[in-house]
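I opened this entry to keep track of what I looked up, step by step. I start with the whole chain and then go to local spots.

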Amino acid sequence: MTTHSRHDAMSQEEFALRSQSAYHKSSRYDAGGRSWSGVTTPEAQELSRKNAGAHYSSLRKKKRRKRVLKGLLVTFLLLLVSCAVAAVAYIAHINGKITKHVDQSLLNVLTDTQDNDPFYMLLLGTDKDGERTESADYGSDFSAYRTDTIILARVDPGKKKVTLISIPRDTYVDMGENGSAKINSAYSFGGAAYATQVVSKFAGVPISHYAEVDMDGFAAIVDQLGGVTVNLPVEVKDPYYTGLDLPAGEQTLDGQTAALLGRSRHAYDNYGGGDFYRAANQRMLIGAVIKKIMSSNPLTLAGTVSTLAGYVTTDMDVSSIAGLATRFLGMDVDKDIYSGQCPTISQLRDEVWYEFCDTARWKEIMGRVDKGLPPYTDTDQDFTSGVAGSVGQSTGDSATNGTDGSGEVKAEHSGSVLVLNGAGIQGIASQVSNRLEKAGFSAMADNADARTDTLVVYNEGARGKAAGVIEDLGLSSEPVANDGSWSTGVDVVVVIGSSWAK
């Protein structure tokens with residue numbers, strides 16, 4: 001019986017080919033990097049004994065670089081996540097502090113407002129500092145405190161305007177079941193919610209936001225900003241109460257001095273009721289703080305927000321405050337803040353001095369404020385002018401509104417305009433309306449009741465806007481005040497008459 005080898009099943013030619021292939025796979029190159037066929041290839045050259053060390057070293061470096069880059073990327077991502085978590089935690093911490101004492105009763109009193117619409121905010125200043133809240137004489141309950149400062153602020157994000165109206169703390173008001181008393185006692189009867197309700201009723205406007213700060217907090221905020229610059233028309237000497245002795249003129253105040261100035265009223269005893277002059281100085285200080293915040297760098301702003309959280313109570317969270325501040329970028333404090341106070345008459349009743357509201361003038365002032373106008377029509381109405389500090393503008397309008405003080409009208413290119421077709425020319429009102437829209441006005445078109453001559457009519461507070469309309473339309477006519485014959489729902493009415501086509 002013949003014994004066969006394992007290769008007997010294949011042809012010798014096939015066996016030879018397989019053997020040669022296996023040999024070439026295991027020994028393709030010689031020591032010089034040449035193939036057994038005698039041809040030197042690029043791959044073989046790279047793997048020659050001479051270059052093999054450099055080749056593998058390069059590969060190791062590339063791997064190390066990839067590992068380093070990957071590590072840096074992971075580290076960067078971890079840092080981003082950590083910063084985001086820290087930012088969220090920080091904002092949550094700040095929100096928790098500034099809204100801590102805002103209860104549902106206050107939120108129920110506050111009214112909603114649309115994103116860019118004007119709204120009213122109540123600013124209250126108290127002496128409810130940490131030392132008093134921890135003392136046996138006062139404690140933390142609101143019933144032990146009254147509001148020394150009451151300011152009603154109208155905020156208009158769309159036009160970047162703010163109006164500050166002080167309400168004297170001794171103003172006599174009817175509080176229903178709580179009787180008639182000074183308005184600053186509303187806080188002691190029912191805290192922030194009741195104080196907001198009383199002021200809203202007294203001023204005849206809805207209030208959408210609330211902020212409360214103690215005077216020590218105001219000092220800390222000013223210090224965080226590096227001081228504020230004010231201009232005092234007369235010297236402030238108050239040796240027996242605040243100890244202030246400030247010269248007249250422009251100067252920079254630190255936090256403590258600014259807070260004392262906001263408290264000082266006896267320095268103005270020679271001029272009349274010190275509370276009115278003190279209130280004017282408080283509005284000036286608020287304007288100075290706003291101006292400083294607007295010019296601060298991000299680090300200062302972050303520190304200011306942190307400081308605010310320790311002393312301010314408000315219904316607004318950090319994102320709402322930041323969003324509102326963004327809308328006011330570019331605001332000119334000297335022009336875009338209006339300032340005034342509730343007109344009152346001092347009277348003694350039951351051996352107590354009260355301030356009784358001059359209701360006719362108060363209604364007129366709030367009517368102007370609600371339209372976005374300065375509170376006064378005449379400089380004589382602001383009797384603190386030239387004595388106490390001031391911020392922005394307090395007067396303007398009616399016969400003098402829109403002037404620069406010399407009687408020359410300043411043209412304004414914003415506001416609402418109704419364009420009426422009184423010429424009988426089809427589409428003319430729409431054409432003029434579109435032209436005014438491009439110039440910055442909010443305009444609408446309609447037909448006049450009858451054909452008439454071209455006319456530009458302005459409502460109270462809109463003389464400057466009427467001048468802007470005339471300028472944009474290239475008219476030579478003078479605007480006239482509305483005598484009640486035209487719509488009062490817009491700033492300006494433009495009647496396109498027969499002379500338009502000439």
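**Overall make-up.** I counted secondary structure first: the protein has 15 helices and 19 strands. I keep in mind that this is a predicted model. Next I looked up burial. Of the 502 residues in the protein, 41% are buried.

**A helix pair.** Two packed helices are described by the angle between their axes and the distance between the axes. I looked up both values for α14, residues 428-439, and α15, residues 463-473. The angle is about 110°, and the axes are 10 Å apart. I therefore log α14 as roughly perpendicular to α15, since angles of 65 to 115 degrees fall in that class. The crossing of α14 and α15 is right-handed.

Which residues make the contact? From α14 I listed Val432, Arg435, Leu436 and Ala439. From α15 I listed Val469, Asp472 and Leu473. Sorted by class, the contact of α14 with α15 has 5 nonpolar and 2 charged residues, and no polar ones.

**Helix α8.** I turned to α8, residues 255-263, and asked which of its residues are buried. My list reads Gly255, Thr257, Ala258, Ala259, Leu261 and Gly262. I then looked for what covers these buried residues of α8. The cover includes two helices, α7 (215-224) and α9 (274-294). Strands are also among the covering elements: β7 (228-232), β8 (236-238), β9 (244-246) and β10 (249-253).

Most residues other than glycine have a negative phi. Aspartate 350 is not a glycine, yet its phi is positive, about 55°. Glutamate 351 also has a positive phi, near 65°.

Where do they sit? Aspartate 350 is in the loop between β13 (344-349) and β14 (352-357). Glutamate 351 is found in the loop between β13 and β14 too.

Are they buried or exposed? The cut-off for exposed is over 50% relative accessible area. Aspartate 350 has 69%, so I log aspartate 350 as exposed. Glutamate 351 has 78% relative accessibility and therefore counts as exposed.

Methods
Residues numbered from 1 in each chain as written. Predicted model: local features only at pLDDT ≥ 70, side-chain atom pairs only at ≥ 80, totals over all residues. Heavy atoms only, no water. Helix = DSSP H or I, 4+ residues; strand = E, 2+ residues; numbered from the N terminus. Buried < 20%, exposed > 50% of the residue type's maximum accessible area, 1.4 Å probe, protein only. Axes fitted to C-alpha atoms, helices over the stretch in contact; angles between N-to-C directions. Parallel < 35°, antiparallel > 145°, perpendicular 65-115°, else oblique. Left-handed = near helix turned anticlockwise from the far one by under 90°. Contact = heavy atoms within 4.5 Å. Nonpolar A, V, L, I, M, F, W, Y, C, P; charged D, E, K, R; others polar.
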